[in-house]
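Please follow the account below with the structure open alongside.

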Amino acid sequence: MAALRNAQAYIGSIKGYGMAISEAPNSILLDVSTAEPIGRRWRRALGPDLDGYGFVLPAVIIMTALIVYPFFLALWFSLSDGMIGETRHWIGLKNFAYILQDHIFLQTIRNTIIFAVSSVILKSVFGLALALLLQRATRWKRFFRGSVLIPFVAPTALTTLGWWLIFDPTYSHINWALKHIWPLNLLGLGPYQWLGQEYLALAVCAFVNFWRGLPFFAVTIFAGLVAIPAQIYEAAETDGASAWRKFWHITLPLLRPVLAVVTLFSTIFTLGDFNIVYVLTRGGPMNSTHLFATYSFTEGILNHDIGLGAAIALFLFPLLFVIVILQLRMVRKETSYGL
Amino acid sequence: MASSTVAVGVPVQVKTKTPTWRIRQSVVTYVSLIPYVAFALFPLYITLVTSVKTKQEINNPNLSPFWALGLTTENYKYLAQYTHFFDHWMINTLLVSVLATGISVVIGILAAYALARLRFRGVEAFGVAVFVTYLVPTSLLFLPLINVINFLDKFLHIRDTYWSLVITYPTFLIPFVTWLLMGYFRTVPVEVEECAYLDGCGRLRTLLTIVLPMALPGVICAILFGFTLCWNEFLYSLVFIQDELHKTLSVGVVTELIRGDIYFWGALMAACIMGSLPIIVLYAFFMDYYVSGLTAGAIK
Amino acid sequence: MEASSSPKDGLGETALSRRTFLRSSLAASAGLTGILLTNTPPAFAQERELKLLTFAHFVPASDDELRRQLEEFGKQAGVKVRMDQVAHLQLPAVLASEVQGQKGHDIIGLSRFAMPNLYAKQLVKLDDLVEKISREAGGLVNKEVGKGSDGQYRGIPWFYVSFPIAVRTDLLAEIGEELPDTWEDVRRIGQKLKKTGHPLGIAYSHCEDSNHTLRGIIWSFGGKEVAKDGKTVAINSKETVEAYKFMKALYEDAMDADIMAWDDRNNNVCLNSGKCSMIFNPISAYISARNDKALIPGTEKPIHLVINHVLPPKGPAGRHMSASPTSVGIWEFSPMKDLAKEFLAYHFKKENYEKHLMASEGYNQSFLGDFTFHPVYATSLKYYFHPYIASFSHAPGWPGSPTAAAEVVWDKFIIPDTVAACATGKQTAEQAVQAAEQEMKRVYQRLAEG
């Protein structure tokens, strides 16, 4: 279909560093044939932008003082031994070797992976669905958008307490509903130990994380959706594209950079989640909900063995670093080479 | 859905857009949204209901948790009378969030512009570094950060005040703001910038007068999200501030309303409602600007 | 007659509300600019300030009393004073950050039993002060609490909290049983009452109550975590296996599955909501039931009238239960060490100490011999056990001293986890004890090297 091809060409031009939107349809095709948008080539001729250094300087200063330095200090913690406040001696990777033999730590790795993967998948699927719905809802916009945002907006420390009450062994609202509310009580589903059974507890923690993170996905994807010009859809419609085709060939590809970065950020946040597990289960039952952050806190702060705590917290760092680099490279590749 | 027969090249008539189809579409949309809204609001509803229940009602497991039989404001009164919720913690949290977000957005705007537009050695590395800083969890970072805070405390009294938070919150705000704004700045057409540049505008002026207004929804979005992150933060606030009058909401609430093995659920839930209210109001107010800015930007 | 005058909800007393009112009106009138201005005094002209950090006590009145004493001392000594509180579970994080930065408060409440040990190098030696206090007040009930790793006192033993059984006497009467005296009684009674919907409530989960109670059971059967030297892991023994088998039977016969998810507050809730028949808990459950006017479900009768406390039960090896000790110490890096010591001497003077003890309404139990039989424990029939429970209570780590290694084992919940594994059938009792032994050996080895 010609219109769809035009649309894809248009997508290619948008993905360039400079978005050259031109009225004449011919020029769209023209831009596609060149590897770079015109503006960029023009600027390259002028040489590097030295005042760029000045622009990033404040950020660099803050990040160096408050992140880079503490990070290297934390790295030093993980490669040395000694309790908090004592002088430390280099011991190489012994802390890492120690935790790899700790069965609680191995369980923590399993828990964290299950937790993060399930939560992020749920968030992206439902976030996308919700964003699409929000886009289509033209009435009562403020109500829908506002109410959907609330999980992300309300203070986490306090909303998690609310969830704790909902899953509480004695007062669980869900158990009460299953027992007293018709027609649910006809199903005869017993009172569940939401936080007392091993894998159920982990599922509950992932569920609360999903509840909290869904608005983040929905709103950011929504912003990406709204940025897609309506002309593309109209062009596709005149060609008779079905809703599914529109979604698959226009929406998804255009959303890919947004989806990629949102997923990346969310994965990083989710892997480092502390509050939910700390409030709901403190790592139990039988260590089935310990995540890196909570176990690192237990070993490092409660047990004063900051070397172990740092080793646990930094364990994923190399892997995440590689993932971040690859992701960024992928996003950059897409933007530079258009179609 | 009636869009099946597609002959290539032959424009299909718009029989799909009949009024009944439209109504059916919107009904489907709104009905599908209801579960999402219910899901999002459910805990808040429980929180609200619990906050107006008497203690005895809360403690009784046989009564419905979804409805309050006797309404009471004693929990809110407790919050106002016996804790520093309204007179100190709320103000502290507001100040911290506003200041930290303000600083981070300003610095983030500059950095994001550099990453999005400018070319110089190290821009790639800097871009990567921005992401990488997120990989270190705050539950580990806070301990080394104490050293930095104590060092700065030698010159300016920041320990035990909210200034320590204003300085440390940007560590997790700036990367986020930078990423967010990078994307928005890229959507501003290069030609417009080049025009300004040719007209003699310096880089900074271009940024402030041309790019920023066009990327305003992104900036508002960054401000809103940044504010939220500040409002919710717990760990840094806990270890940097112990003075009761300078605490922020989340820490103060947990200290006062959880004593050993006794949880004051009614007051805790009331605190949750009151603590979320300012942010909800903020979002409700700015949502319109944010979204209308987005839609306006799309139809360029 | 109750010790306190007007317990509204046992939470904010009139003193606190008065102070709050004063403070809030001052703050409100000072306004925002005022707050900003007073927050940044010049770095060089800072007054001497004595700072105390502790956790928010369950009975706010005792914190108020401590603050009052601190302020009075400050007036006498001519220094500014300040008392800060954080939540109980967050105190370790704050203390860790103060040690890391070598800066913070001067006097600190050491809420966890091994803190004097763990922070031995960071705390001031207080042998002379402890010696003086114990001499003047009839000796120390427990001589190990507060000692650092080198056997010298790093923290003054402040108070401890014990774990009696809180039992619903009306339910016992219904089934015609007497108050339980042995663990077998507990199991039998629990089994009968579980059938009527009122199970026993002991947590097998990641919480303090679980750590305490399960150790009590193990000790009562003759098992032990470590030998008397505090360094040799001695958990794998016939007696411990018996204890594990008993805990499995206890779970199957007398308890519901929800105990696997319990937090420290859940057993209070279980008792006060009318569900549980017996729990192991300090008197906080009873006090909050009284203050909240909780009712027996289905009636208008207050439930606290039928809650009573019993000494922890006997096992084959005697009567033993764990208790939670708190000490108070002074940071070595504090610039006001001597003044801090003076305050502690002031606070532990008999008349001041007594006021603090009474302010806690019987919740705190004293380490000082002369206060074991204090009248405050006679203010309510429900508190009768307080003077006697001291001889049966041990600090965690018993029969060794409360060491850092014992606290690591505590924090990793090795005992609750292995007991839970055994009770749910995931492992046999022998396997569970072996797993516990393995874990503990790793911990003790690492701490011995480091």
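The model is a predicted one. The contact between them draws on 8 residues from domain 1 of chain B and 9 residues from domain 2 of chain B.

How much area is buried between domain 1 of chain B and domain 2 of chain B? The figure is about 760 Å², and carbon and sulfur atoms give 86% of that area. On the side of domain 1 of chain B, three residues, L44(B), T47(B) and Y76(B), supply 55% of the area buried against domain 2 of chain B, more than any other three residues. Two elements of chain B, helix 1 (19-51) and helix 3 (74-82), each give two or more residues to the side of domain 1 that touches domain 2. Helix 1 of chain B gives the most to that side, with 5 residues. By class, the residues on this side of domain 1 of chain B comprise 4 nonpolar, 4 polar and no charged.

The next contact is that of chain B with chain A. Here 108 residues from chain B and 113 residues from chain A take part. The size of an interface is often given as the accessible area lost when the parts come together. Chain B and chain A bury about 10100 Å² between them, with 77% of it on carbon and sulfur atoms. The count of salt bridges between chain B and chain A is 0, whereas 6 residue pairs are found in polar contact across this interface, both residues at pLDDT 80 or more. Within chain B, helix 14 (residues 265-298) gives the most to the side that touches chain A, contributing 18 residues. The side of chain B that touches chain A has 76 nonpolar, 21 polar and 11 charged residues.

Chain B is also in contact with chain C, through 44 residues of chain B and 53 residues of chain C. About 4200 Å² is buried between chain C and chain B, and carbon and sulfur atoms give 59% of this area. How many salt bridges does the rule find across the interface of chain C and chain B? There are 3 salt bridges between these chains. In a salt bridge between R67(C) and E244(B), the side chains meet at 3.9 Å, N to O. The interface of chain C and chain B also has 4 residue pairs in polar contact, both residues at pLDDT 80 or more.

Several elements of chain C each supply at least two residues of the side that touches chain B: helix 1 (14-38), helix 2 (60-77), strand 2, helix 3 (91-101) and helix 11 (284-292). Helix 1 of chain C gives the most to this side, with 9 residues. By class, the side of chain C that touches chain B has 19 nonpolar, 19 polar and 15 charged residues.

Attention may now turn to the sheets of chain C. Strands of a sheet pair through backbone hydrogen bonds, either parallel or antiparallel. One open sheet of chain C has 6 strands in the order 2-1-3-12-4-13, with mixed pairing. Its edge strands are strand 2 (80-86) and strand 13 (365-366) of chain C, each of which pairs on one side only. Strand 1 (residues 49-55) and strand 3 (residues 107-110) of chain C pair in the parallel sense over 2 bridges, and L53(C) stands opposite I108(C) in strand 3 of chain C.

Another open sheet of chain C has 4 strands in the order 6-7-5-8, again with mixed pairing. Strand 6 (200-201) and strand 8 (307-310) of chain C stand at its edges with a single partner strand each, so one side of each is left without a neighbour in the sheet. Strand 5 (residues 165-168) and strand 7 (residues 278-280) of chain C run antiparallel and are joined by 3 bridges. A166(C) stands opposite I279(C) in strand 7 of chain C.

Methods
Residues numbered from 1 in each chain as written. Chains lettered and ligands numbered in written order. Predicted model: local features only at pLDDT ≥ 70, side-chain atom pairs only at ≥ 80, totals over all residues. Heavy atoms only, no water. Contact = heavy atoms within 4.5 Å. Buried area = accessible area lost by both parts, 1.4 Å probe. Nonpolar A, V, L, I, M, F, W, Y, C, P; charged D, E, K, R; others polar. Salt bridge = Lys/Arg side-chain N within 4 Å of Asp/Glu carboxyl O. Polar contact = N/O pair within 3.5 Å; in protein donor to acceptor, adjacent residues only side chain to side chain. Pairing = 2+ DSSP bridges.
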